[in-house]
Amino acid sequence: MNSNALYDTTAIISWAAVIILSCSYWFQIWKIHLHKEVRDLSIIYHVLLALGFGTLTYTAWQEGSTIFLVKQIATTIPVVIIIAQIIIHKKDHWHDEDDDYCKKCSKELEPDWSHCPYCGENN
Ligand SMILES: [Zn+2]
């Protein structure tokens with residue numbers, strides 16, 4: 001294998017990794033889109049990710065690295081979308097068909113809850 005072929009192989013592997021990394025975030029976006037469930041997602045974590053990725057996008061552009069630039073853009077955009085989803089769905093509640101409702105205030109209860117966290121009723 002000559003050095004050019006090695007470079008090509010490395011480039012192909014790197015581009016595949018960029019696509020895989022970007023896809024991982026889009027799977028998260030799809031999951032949130034389906035379930036509207038964001039209470040377990042940290043907004044601070046995603047804001048810091050977006051800041052880091054965004055800053056490195058500028059660095060990549062300064063250094064003239066095409067693959068690094070595309071990688072940064074391809075990860076920054078989905079993280080910003082996740083932040084928007086967290087803000088939009090912040091007030092949405094997970095709904096499970098098996099869950100009971102509080103006899104007093106009608107709010108949804110988790111299966112192992114005997115006391116309602118909203119009104120204090122013992123169900
Ligand atoms: Zn209640």
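**A helical domain and a zinc site**

The buried residues of α1 are V18, S22, Y25, I29 and I32, where buried means under 20% relative accessible area, exposed over 50% and partly exposed in between, with a 1.4 Å probe and protein chains only. The model is a predicted one, in which local features need pLDDT of at least 70, side-chain atom pairs count only at pLDDT 80 or more, and totals for chains, interfaces and linings use all residues. Residues are numbered from 1 along each chain as its sequence is written, and side-chain values use heavy atoms, with hydrogens and water left out.

Helices (H or I, at least four residues) and strands (E, at least two) are DSSP runs, numbered from the N terminus. An α-helix has 3.6 residues a turn, so residues three or four places apart point the same way. The buried residues of α1 pack against α2 and α3. Just after α1, K36 takes a positive phi of about 50°.

What does the largest nonpolar core contain? Eleven residues make it up: Y25, I29, I32, V38, L49, A50, F53, V79, I82, I83 and I86. Two or more residues come from each of α1 (3-35), α2 (43-63) and α3 (66-88), and α3 gives the most, with four residues. A nonpolar core is a set of buried Ala, Val, Leu, Ile, Met, Phe, Trp, Tyr and Cys residues joined through side-chain atoms within 4.5 Å. Leaving aside neighbours within four places in sequence, I86 is in contact (heavy atoms within 4.5 Å) with V38, L41, S42, I43 and H46.

The chain is divided into domain 1 (3-88) and domain 2 (95-123), with bounds from an automatic or database domain assignment. Their centres, taken over C-alpha atoms, are separated by 39 Å.

Attention now turns to the zinc ion. Its protein donors are C102 (SG), C105 (SG), C116 (SG) and C119 (SG), lying 2.3 Å from the ion; donors are N, O and S atoms within 2.8 Å of the metal (3.2 Å for Na, K and Ca), and water is not among the atoms, so sites may look incomplete. Along the chain, the donors of the zinc ion follow the spacing C-x2-C-x10-C-x2-C. C105 and C119, both in the segment after α3, are 14 residues apart. C105 is partly exposed, with a relative accessible area of 29%, and C119 is partly exposed, at 31%.
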